[in-house]
Amino acid sequence: MSTSLLLVDDDRTFSSLAASMLSQEGFRVRVARSLHETRAALAAEAPDLVLLDRRLPDGDGLAFLPELRAQLPGTVVLMVTAHGDIESAVEAIRAGARDYLSKPVEIDDLVLRARRAASDLQLQERLRQAESVLEGRHRMAEPRSPAMQRTLQMLERIATTPRSPVLLLGETGTGKAVLARHLYALRQKQGAFVQINCAALPDTMMESELFGHERGAFTDAKTARRGLVELASDGLLFLDEVGELPLALQAKLLTFLDKGAFRRLGGSTELTSTARIVAATNKNLEAEVAAGRFREDLLFRLSVFRVDVPPLRERREDVLPLARTLVQELSSELGRRPVPFSPAAEERLLSYPFPGNVRELRNVLERALVLEGGPALELQSLAKGGGAPAAVDPNAFSVSGPPRSLDEVERLYVRHVLEQLGGRRMEAARALGLSYPTFLRRLEENPPSE
């Protein structure tokens, strides 16, 4: 969707040229040449971006700015001031303008700033959408297992320290992203929650994504761009699969964790951010350090608070409550009423090991809601996939109890084969590949009870 822009300027030559250039850049441009026309345009459609001149035929654009901000708090305003009028520029920024331009306005500079503002708006919209999805799909179910209760109690204590790094460790699918979100939700009045999967982007893009870039930093860098570290300032940046970060970027992340400072790609200015870093991985980072793939100093720095997330098989008390919560969420997404579990389905849920943890549980439930049409979920896929203990083969040979000597196991196996063949000794000897006297000798050492 293109960005809508309202250009407010009474200079017809400039406004026509600027509108033409901005339209070529993909903006939907409307022009107003007075405050009266501006109010009418705002009443007809709320723009994403307003370019507002100060000196207009029927009033002062700077005096109009508070009214505009009160009416449309989400609209970005770029203020145009007279050349050298720094006092007006400062006043405009204080009144809520995002940026300012001085007359005479260079069209290229105007287009650059408009594109930058549009890029920030689009990114903010993606963040709002992502947060909405997270809030709707990944609410934290109240745990019943002692292991998970201890984990949440630890997060509540960690939340009181606003910037200390946190490292979430656990198997894939255990809900580390949900816990990161829960930690974020424990603090009020903070910045954005921003998430990135370090394994999802190529190494060449990762630095720009995290720390941003300046114009000209690489071939396609036509404008400067803020990175996720900046966008998450005063909030939380969740680095999923942090073990996949390339070594060169690990060093830059370490610098940021130590100082709260960083440089954009291609930039020389040191910037700061107060984003809290929460990292997660299912890898053994100590083994990665030993293999030379992960920096030991970064591991130490990330591990200020180290939280081990238990797998689902170690918190059986949470399976049914979690399954019911997920069914509620999935039913809402699929546009249908929630369906209860049959008694057989509950037994299958409690007996299945869930090697894929919560993610696998969610997938199983989503599949059942789509494919099963009965009044209650049966979760037949768990029965087929090993939800119930496998039936014991009556012909199998097994030795229970404490460890035994090899000779004793051999004698037990001779007896087992004889029983399988209905007591036919000659056939048992042939099956075992033993001569008949040897077979008898083994059998006499461990005679079957009558």
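User: Glutamate 333: is it buried, partly exposed or exposed?

Analyst: This is a predicted model, so read every value as computed from it. Buried means under 20% relative accessible area, and exposed means over 50%. Glutamate 333 has 41%, so it is partly exposed.

User: Which residue forms a salt bridge with glutamate 333?

Analyst: Look for a side-chain nitrogen of Lys or Arg within 4 Å of a carboxyl oxygen of Asp or Glu. Here the partner is arginine 362, with the closest N and O atoms 3.2 Å apart. Arginine 362 sits in helix H15 and glutamate 333 in helix H13, so the bridge ties together parts 29 residues apart in sequence. Arginine 362 has 9% relative accessibility, so it counts as buried.

User: How many salt bridges does a search of the whole structure find?

Analyst: The search finds 24. One of them pairs glutamate 209 with arginine 225, at 3.9 Å between the closest N and O atoms. Glutamate 209 is in helix H8, while arginine 225 is in the loop between H8 and helix H9, so the pair ties together parts 16 residues apart in sequence. Arginine 225 is partly exposed, at 28%.

User: Which residue does arginine 324 meet in a salt bridge?

Analyst: Glutamate 346, at 3.1 Å from N to O. This pair links distant parts of the chain: arginine 324 belongs to helix H13 and glutamate 346 to helix H14, 22 residues apart. Both ends are partly exposed: arginine 324 at 39%, glutamate 346 at 24%.

User: Are asparagine 357 and leucine 379 buried or exposed?

Analyst: Asparagine 357 has 0% relative accessibility, so it counts as buried. Leucine 379 is also at 0% and counts as buried.

User: Where is the cis peptide bond?

Analyst: It runs from lysine 103 to proline 104, with omega near 0°. Proline 104 is in the loop between strand E7 and helix H5.

User: How many residues of helix H7 are buried?

Analyst: Eight of its ten residues are buried, so H7 is largely enclosed by the rest of the structure. Among the buried ones are Lys176, Arg181, Leu183 and Tyr184.

User: How do I find empty space inside?

Analyst: Rolling a probe the size of a water molecule over the atoms shows where empty space is left. This structure holds one cavity of 30 Å³ or more. The largest cavity has about 40 Å³ of space.

User: Which residues line the largest cavity?

Analyst: The lining includes Leu183 and Tyr184, along with Pro162, Arg187 and Arg276. By class, the lining has four nonpolar, two polar and two charged residues.

User: Last, the surface. Which residues make the nonpolar patch of about 300 Å²?

Analyst: Leu334, Val370 and Leu371. Leucine 334 lies in helix H13, residues 319-334. Leucine 334 has 38% relative accessible area, so it is partly exposed.

Definitions and conventions
Residues are numbered from 1 along each chain as its sequence is written. This is a predicted model: local features need pLDDT of at least 70, side-chain atom pairs count only at pLDDT 80 or more; totals for chains, interfaces and linings use all residues. Side-chain values use heavy atoms; hydrogens and water are left out. Helices (H or I, at least four residues) and strands (E, at least two) are DSSP runs, numbered from the N terminus. Buried means under 20% relative accessible area, exposed over 50%, partly exposed in between (1.4 Å probe, protein chains only). On a 1 Å grid over the protein atoms alone, a cavity is a set of points where a 1.4 Å probe fits but cannot get out, and a pocket is an open set with protein on both sides within 12 Å along at least five of seven lines; lining residues have an atom within 4 Å of a point. Grid points are joined across faces, edges and corners, and a volume is the space filled by probe spheres set on the points. Ala, Val, Leu, Ile, Met, Phe, Trp, Tyr, Cys and Pro count as nonpolar, Asp, Glu, Lys and Arg as charged, and the others, Gly among them, as polar. Patches are made of residues with over 30% relative accessible area and no salt bridge: like charges are joined within 9 Å, nonpolar side chains (Val, Leu, Ile, Met, Phe, Trp, Tyr) within 5 Å. Accessible areas come from the Shrake-Rupley method with a 1.4 Å probe; for residues, only the protein chains shown count as cover.
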